[in-house]
Number of protein chains: 2
Amino acid sequence: MTIFLRLYSTFAFIVLIVTSSSLSSAPAAQALDVTKATIVDLTHPIDANTIYWPTETKTFQLDEVHKGVTERGFFYASYRFCSPEHGGTHVDAPFHFAERGQTTAVIPIDRLSGPAVVIDVSTKAAEDTDYTLSAQDVSDWEHAHGKIPDGAIVLLRTGWSSRWPNKRAYLGDDTPGDASNLHFPSYGPEAARLLVDRGVAVLGVDTASIDNGPSKDFLVHRIAGAANVVGLENVTNLDQLPATGAWAIVLPMKIAKGSGAPARAIAFVP
Amino acid sequence: MTIFLRLYSTFAFIVLIVTSSSLSSAPAAQALDVTKATIVDLTHPIDANTIYWPTETKTFQLDEVHKGVTERGFFYASYRFCSPEHGGTHVDAPFHFAERGQTTAVIPIDRLSGPAVVIDVSTKAAEDTDYTLSAQDVSDWEHAHGKIPDGAIVLLRTGWSSRWPNKRAYLGDDTPGDASNLHFPSYGPEAARLLVDRGVAVLGVDTASIDNGPSKDFLVHRIAGAANVVGLENVTNLDQLPATGAWAIVLPMKIAKGSGAPARAIAFVP
């Protein structure tokens, strides 16, 4: 009986250690078999309607090099293009707002693939165009779905992608060259700090910026950049993702020394 | 005993059916858990050294929009860039050589994610710079590793990526504007036809083209394009992949009506 009690108390002690350590660390990611998953493309196509920041004077341009039958008798088409790094569905490298932050090509590839955490504030954003995600919203999400895992790709759903490519509806103002009167929802600084503390890899959003429209000091960009957290802007199709359980992959053009790049973002949904 | 024999013959008959059907259809893809896989980046960075086709007059250019501390006191960097669609690690949309083929943005996303089939001809290419993959090479690979599955992303390994970014070593000639004297290995037309018959989604290679250097009629491009099979050129790190069992993802910039685009290609290795 004494031995039994000793064994029991040792067992209880081990259970206590295991339980407390599982509470203080991020939960293991749920297994996801890519061979059976459905793929959702989170990327807007890039064309003359692609939305850029209002101060951007030169937007996307596609120039024909050749299109038609060659002298050897077969069809051949080829183009060149010019583009800002920042516009359409694209990545902000940490360097965009942090002088010592990672540039586009050196973002570790492991940080561009991770469990998708979808936080839906579309109801609140419908009532307040400039809504910013609060730390309380993040806590509420964790209460419902569990702690946000290390390396997560957070995708903030505001519902704004349904306004694309209507520039005025999407940005709140379509005056060329003027970014002083923009209105759209995004992350708030306190939520960004909490998410950075969780070890997230990417802050993504279905609006034009990880700071909201009226922001002038771009605190969320600066908080993310300083922590080598990548931004992902102008995503779409977040309504096709579950709050948790999907796996996101964000692949920017591998521009050496870039501050960002057009990116293709997808999610595997089990 | 009679019942046992009847049961046994029924069982043998079922085994026969199952065996023959598994021989005539592609094998099911091996499960791959992304949460546990290692990621290999198959992409060269894009910079002033990026290799383009010799006839390309305007190569990659990155122009500074802003880099430094703003008047509001925080660091900010942003660039614009111009690039040919075809150069560096990039995708050939079927439309590149097929007038009715898919353009870049409309390639189904499911065809850009698939089991990686790595065919290694580096020994043969080391002896013959213009080596082309033969139908026999494909059959030999299948004899060793099983039938190439529907939707496969084929990655032809010639060893040429170790020559990058030495243009002369990589293309066989670095005379500007002259593509008449190129030498490097790639796919041959018969192998391309066999792979298209297998239902592959992507033909990838670690050289500048899915046709070899001396090709003038670009038959592999035309065979692929006509079948809406995507090309993937100038990949790297194929030495880090197994012949079979990895999963590849190829994500081009989503250029509407494009003939191709810079792409990021990765592989999940179990």
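Chain B and chain A bury about 5,700 Å² between them, and 65% of that area lies on carbon and sulfur atoms. The model is predicted.

- The contact draws 62 residues from chain B and 62 residues from chain A.
- The same surface serves both copies, since 100% of the contact residues of chain B recur in chain A.
- Six salt bridges are counted between chain B and chain A.
- One of them joins A:Arg80 to B:Glu56. Their closest N and O atoms are 3.0 Å apart.

**The sheet across the two chains**

- Four strands form an open sheet in the order E2(A)-E3(A)-E3(B)-E2(B), and their pairing is antiparallel.
- Its edge strands are E2 (61-69) of chain A and E2 (61-69) of chain B, each of which pairs on one side only.
- From one strand to the next, the twist averages 10°.
- Strand E3 (residues 75-84) of chain A meets strand E3 (residues 75-84) of chain B in the antiparallel sense, over five bridges.
- Within that pairing, A:Pro84 has B:Arg80 in E3(B) as its bridge partner.
- In general, strands of a sheet pair through backbone hydrogen bonds, either parallel or antiparallel.

**Strand E12 of chain B**

- Strand E12 covers residues 260-269 of chain B. The strand is mostly covered: ten of its ten residues are buried. Buried here means under 20% relative accessible area.
- Strand E11 (residues 246-252) of chain B pairs with E12(B) in the antiparallel sense, over six bridges. B:Pro252 has B:Ala263 in E12(B) as its bridge partner.
- Strand E1 (residues 38-41) of chain B runs antiparallel to E12(B), and four bridges join the two. B:Val40 is the bridge partner of B:Ala267 in E12(B).
- Strand E4 (residues 90-92) of chain B is also antiparallel to E12(B), with three bridges between them. Here B:Val91 stands opposite B:Ala261 in E12(B).

**Residues to locate in the view**

- For the chain-to-chain contact, find A:Arg80 and B:Glu56, which form a salt bridge.
- For E12(B), find B:Ala261 opposite B:Val91, B:Ala263 paired with B:Pro252, and B:Ala267 paired with B:Val40.

Terms used. Residues numbered from 1 in each chain as written. Chains lettered and ligands numbered in written order. Predicted model: local features only at pLDDT ≥ 70, side-chain atom pairs only at ≥ 80, totals over all residues. Heavy atoms only, no water. Buried < 20%, exposed > 50% of the residue type's maximum accessible area, 1.4 Å probe, protein only. Pairing = 2+ DSSP bridges. Axes fitted to C-alpha atoms, helices over the stretch in contact; angles between N-to-C directions. Contact = heavy atoms within 4.5 Å. Buried area = accessible area lost by both parts, 1.4 Å probe. Salt bridge = Lys/Arg side-chain N within 4 Å of Asp/Glu carboxyl O.
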